Structure formats: C-alpha cells, structure tokens
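Here's a short briefing to read with the model open beside you. Take a look at the structure first, then work through the points.

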Amino acid sequence: MGQDLGSLADEDVMQLVRRGDARAFEVIYERHSPAAFSLAYRMMGTRSGAEDVTQEAFLSMWRSGARFDRARGSVRTWVLGIVHHRAIDALRRATVHDRRRAGDEGIEERFEARERTDVEAARREEAGTVRHALDSLPSDQCQVIELAYFGGFTHTEIADMLDAPVGTVKGRMRLGLKKMRAQLGEGQVAI
Amino acid sequence: MTVDHERWVDYAGAYVLGAMPPDEREQFEIHLATCTICSEEVDELRPAAEALPMASPPMVPPRGLKDRIMVEVEREAQLLAQAGPSADRPEPAPPRRRRSWSLGGWRLAPVAAALLIAGVLAGTALDGTDTRRIDADVDAPGASAQLEVSGEKATLVAENLPAPPEGRVYEVWVQPNGPDDTPPEPTNVLFLPRGDGSAEAAIPGSVSDMQQVLVTDEPPAGSDAPTGEVILKATTS
C-alpha cells in the first residue's frame, strides 16, 4: 500500500484494521502486545494461560475492529480492556482453588522486557507511578482492588474470602480508586 | 436521590474493576443510563482502574504467540479479500450452540492453516473411470450436491449453493465410521461458492474411514465445534 504504517497513530492504523488490513493489525500487535501479555500474565499467573488469553484477545480485536471507538478512549485502553475481560472469563471458568496469580508463584517464568527504548522508558516511569499509587493505599483497599482487578474475583467472592461484609468490600474498592485517581492526577498517566 | 440510586450506592468501584457478576453488571448499566450521580462517579473512577494494567511487571510476549495470531489474521484477511467488497468485516463468532442433532463430544481439533476457496483447490479433476457419485441432501431450495468418490478420495461438487450468511464461510466436517452418534470431526476445508453457486471441495482423509460428510456455515477462521446450520450432508457408507 506504500504507506509507512509505523508512522501512523494508533487510531489511524485502526482505520486500516477495520478494512481487513493484516499488516495494520500487526502494527497494533507490535505496539500493544507487551502490555497485553504483561497484564494477562499478571492475572493468569502462568505463561500458557497468559498466551491463551492474549491470543484470544487479539483475535477478538481483529474480528471486531469496527467496535473500536476513539471517542471512548485510546487503542491501548481498548486493547487492555479486552485482555482484562478475557482473563476474567478464563479465571471465572476455573475454580477458585485453581486460580493462581503471578504474585504468588511463577516468578521464575518471568521474561522481563529487555529492550529499553524511549517509549518503554516512559512507560516504565508511568508504571512506577501507578505501582506507587497502588502501594500507597491502605492495605485493605489495595488488597480488594488487586483481588478484583488482577484476580478476577467478584465483590461477593472477595467478601467471603476476607470474611467481611459485601458493603465494606465495595466501599474499599471505591475509596481506594478515588485515592488512586487523585494521586495519579488527571493526564499524568496516559494509557 | 432515588430509591433506585440508594440500591446502587458504592457499586461504581466494583463496576470499573470488573468485579460484578454479569447479571448484576447488566442491571447496574441500566441504572447508569439514568443516574447522573453514579455515571459521574464511574467516569471519575474509571481512569484509575484503566491505569492498573501498568502495575503489572513488564513481560515480553513469546515470539511464537505473534506467529500463531498472524497466521489466523492473514488467513481471514485473505478470505475477506476473496469474498470481495460485499463481505463485511468478520463478525465475532456467536456463542456456540449445540446442534439439534446432538453432537456432544465433538473432538476439539485446531482448524489447520490450509484454506481452500472454491475453484482454487487442487485435485478436483476426476478421470471418470472409477468414479462413483453419491447424492447429498442439501438444505437449500434449488441446490444440489454430489460426493464424487474415486478410490479413497472424495470431492464434494455442488451447484446453486447459496452463499453462507454474511461474514461466514462453509466448513466441511467428516463423521468417522462407528455408531450413528459418532461425532463428526472438523476438517481444514473452508470454502465459499462462486458467484453462480458452484463449488468444489476436496475431502481430506480416506472415504472408507468415514460414514458421512457434512457442511455447516462457520466464522471465517472455521470452528472446532459447529456453530452454524447443516446445509449439506452426504452418506458414504
């Protein structure tokens, strides 16, 4: 097509993906698969589980590219949202007992990103900001947010696990996110 | 503040974290459509939830993952191009439903990379000397199909076959020998009829090993288990 896809913004590349352009989709994959795989690994806790979720998510994006709406957020947000939903589906298909998270095991399976381009360096800085915002929360708020978002547990499951009232769990989620939002500040972390 | 709102106080955090069961989430979304308090709170909390993936330790996806994904993507892109401008972008596969002819236990096998478009497949020419033709049952008005069997090889030849529903292709399935309820197995043969409704598809495997050949409409990448209607069925034994 004679077009330098690499120089196009995500949203413009998505226009080509909508028309069934496989090369354009490859660009989206190259740009966002590290974050997608990292999230999938964090949630699934195993390399094979992360690969399955990432593959399902990207094929789903390819087949539903027309559903991307730039008014509702960035391509990155869209990609990570789909990965998150796919991982939650996979986790909820498993029994609670089977659920494992990278924080609990599998450290030896990590394949840390080696290349440190400027873009990656900026991302790492942003990641550090997010981790700091999360770690700064009171532990009970951080715990319920991590169990919900990365563990794929529902608020009632978390309440059962912690032997806490459901209302308390929901309140901790809401308060924790509010604090995170305030700490991250509007526009400081571009996802 | 409405009674309905009071019911949903504190749910915004659970909602943006994806921590609500599906039925409850749907009800909350109905409420969100009319409650400015909750929708503003969701808008406020969402950026924090959307930043959470960045707290994951950075990983490099395995190289083979990209290869597997792009094989599928390129195959589907090729199929779309073959289908022409009238073809829409591929729709996501609908929820898989059990066929009325109960095929519990369909063996899960990946649909292989081969893609056969009507008219481009090789090996459809038959010399006619040892060829037997088996009429197929076709569930489409005016359409007909035969299984042309030569030795152990079979080719499906159809006339006036309607195009599959938009965004779908036809997939060939083979039911191996055994009891009548032996589940058919997916093949790597996907096809679209030509504009005049004609189509040929080489059936993989040996005819003596199979009792039926079936065709259903499926998503562009094919399926491991049937999701569409059976349009064609030929009994070989």
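In which sense do S4(B) and S7(B) pair, and over how many bridges? They pair in the antiparallel sense, over five bridges. (Two strands count as paired if DSSP finds at least two bridges between them.) Keep in mind that this is a predicted model, where local features need pLDDT of at least 70, side-chain atom pairs count only at pLDDT 80 or more, and totals for chains, interfaces and linings use all residues. Residues are numbered from 1 along each chain as its sequence is written, while chains are lettered from A and ligands numbered from 1 in the order in which they are written.

**Chain B at a glance**
- Chain B has five helices and nine strands; these are DSSP runs numbered from the N terminus, with at least four residues (H or I) for a helix and at least two (E) for a strand.
- From the N terminus on, the order is α-α-α-α-α-β-β-β-β-β-β-β-β-β.

- Four strands of chain B make an open sheet in the order S1-S3-S4-S7, with antiparallel pairing.
- Strand S1 (131–135) and strand S7 (199–203) of chain B are the edge strands, so each pairs on one side only.
- Zooming in, Ala154(B) has Ile203(B) in S7(B) as its bridge partner.
- Lys153(B) sits in strand S4 (residues 153–159) of chain B, and it counts as partly exposed because it has 17 C-beta neighbours inside 10 Å.
- Lys153(B) and Ala202(B) are 49 residues apart in sequence, yet 8.0 Å apart in space, C-alpha to C-alpha.

- Leaving aside neighbours within four places in sequence, Val213(B) is in contact with residues including Ala154(B) and Ile203(B); contact means C-beta atoms, placed from the backbone, within 7 Å.

**Where the chains meet**
- 59 residues of chain A are in contact with 43 residues of chain B.
- H2(A) turns up again here, giving the most to the side of chain A that touches chain B, with 12 residues.

Definitions and conventions:
Two residues are in contact if their C-beta atoms, placed from the backbone, lie within 7 Å. A residue is buried if 20 or more other C-beta atoms lie within 10 Å of its own, exposed if 12 or fewer, and partly exposed in between; C-beta atoms are placed from the backbone.
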